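Please read this report with the sequence and the 3D structure side by side. It goes from the overall fold to single residues.

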Amino acid sequence: MEVSLDPIDYLQQEVAQTRQLLLSNDLYHRLHTMSDLRRFMEHHVFAVWDFMSLLKALQRELTCVQVPWVPTANAATRRLINEIVLEEESDVDPQGQPTSHFELYVRAMEECGADTGPIRRLVAAVNAGSSVTQALDAAQVPDSVRQFVETTFGIIRSGRPYVVAAAFTFGREDLIPAMFRQLVGDLRDRFPGQLDTFTYYLDRHIQLDEEVHAPLAQQMVRELCANNPDSWVECQQVTIQCLESRVVLWNGIPTGKIRRSVA
């Protein structure tokens, strides 16, 4: 008798080829100098920022953030998303002080001399009431960054929590440990004292996402999709869209040439 795959396993199998294209991107072999890493961070920080919007969109949809409070339908998903919010929005820095992962990343940029001007202009514009599109204009972001952020917010505006959860889970939390391991490498040895906060950020994400957040997020998708085949198909489609968008983001980062070994 044929045994059907678990829907999470099936989704991961269906997106595996696109996921591997991202993980084998030549970006990871182009980050040789501090200048390369600075340019990487100046682009990647926008993905760190819009991730927080994915997270808060899920919290808005799956928990009650209004006053007066009322319980939402599914207590399990409430707990899942609130556990993830706790550590993404108020984790601890290397000194044990509370901070969001976005603020930690900006601090890491400052530590190594990366330009934080564009991301600060974007946040200031959003804080002043600008739309995301207007904020991207104010930040004068490259086209590759713009398409990535607009893809994220298009998913958020879909109004379908299970689709947002799929982007959050398989486009971010389930992906990040494998992706960040490609970056960590020997950064501490190559750039002693210059990337301590950045390597802490990478290591922290690898640990949290692999051991805690990815399993929680997968369970959230499972709860939201239940036994609806159409929902699972949409999740697969949006995951591929997110992975392809990340490839465009990576390809848009200007760095040095690929270093090849000499036989």
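Helices (H or I, at least four residues) and strands (E, at least two) are DSSP runs, numbered from the N terminus. This is a predicted model, in which local features need pLDDT of at least 70 and side-chain atom pairs count only at pLDDT 80 or more, while totals for chains, interfaces and linings use all residues. Residues are numbered from 1 along each chain as its sequence is written, and side-chain values use heavy atoms, with hydrogens and water left out.

**Overall fold**

The protein has 12 helices and 2 strands. Along the sequence their order is α-α-α-β-β-α-α-α-α-α-α-α-α-α. The radius of gyration is 19 Å, close to the 18 Å that the globule rule gives for 263 residues, so the protein is as compact as a globular protein of that length. The radius is taken over C-alpha atoms, and the rule is 2.2 Å times the number of residues to the power 0.38. The C-alpha trace spans about 50 × 50 × 35 Å along the principal axes.

The accessible surface comes to about 12,700 Å², and carbon and sulfur atoms hold 50% of it. Such areas come from the Shrake-Rupley method with a 1.4 Å probe; for residues, only the protein chains shown count as cover. Of the 263 residues, 50% are buried. Buried means under 20% relative accessible area, exposed over 50%, and partly exposed in between (1.4 Å probe, protein chains only).

A contact means heavy atoms within 4.5 Å. Among contacts with a separation of 6 or more, 75% are between residues 24 or more positions apart.

Phe-168 is part of helix H8 (residues 161–173). With 0% relative accessibility, Phe-168 counts as buried. Leaving out residues up to four places away in sequence, Phe-168 touches several residues, including Phe-51, Leu-54, Ile-84 and Met-220. Leu-54 is 114 residues from Phe-168 in sequence, yet the C-alpha atoms of the two are 6.4 Å apart.

Asp-50 belongs to helix H2 (residues 34–62). Asp-50 also counts as buried, at 0% relative accessibility.

**Loops and backbone angles**

Pro-68 sits in the loop between H2 and helix H3 (75–89). The peptide bond that joins Val-67 and Pro-68 is cis, with omega about 5°.

| Residue | Phi | Relative accessible area |
|---|---|---|
| Gln-140 | near 55° | 65%, exposed |
| Ala-226 | near 50° | 43%, partly exposed |

Gln-140 is in the loop between helix H6 (132–139) and helix H7 (143–156). Ala-226 is in the loop between helix H11 (196–225) and helix H12 (229–251).

**Rings and cysteines**

The whole structure holds 6 aromatic pairs. Rings of Phe, Tyr and Trp (its six-membered ring) pair if their centres lie within 6.5 Å; planes under 30 degrees apart count as stacked, over 60 as edge-to-face and the rest as tilted. Such pairs link Tyr-105, Phe-180, Phe-198 and Tyr-201 into a cluster.

How many disulfides does a search of the whole structure find? The search finds 0, a disulfide being a pair of cysteine sulfur atoms within 2.5 Å. The cysteine sulfur closest to that of Cys-242 is in Cys-235, 10 Å away, which is too far for a bond. Cys-242 is buried, at 13% relative accessibility, and Cys-112 is buried at 4%.
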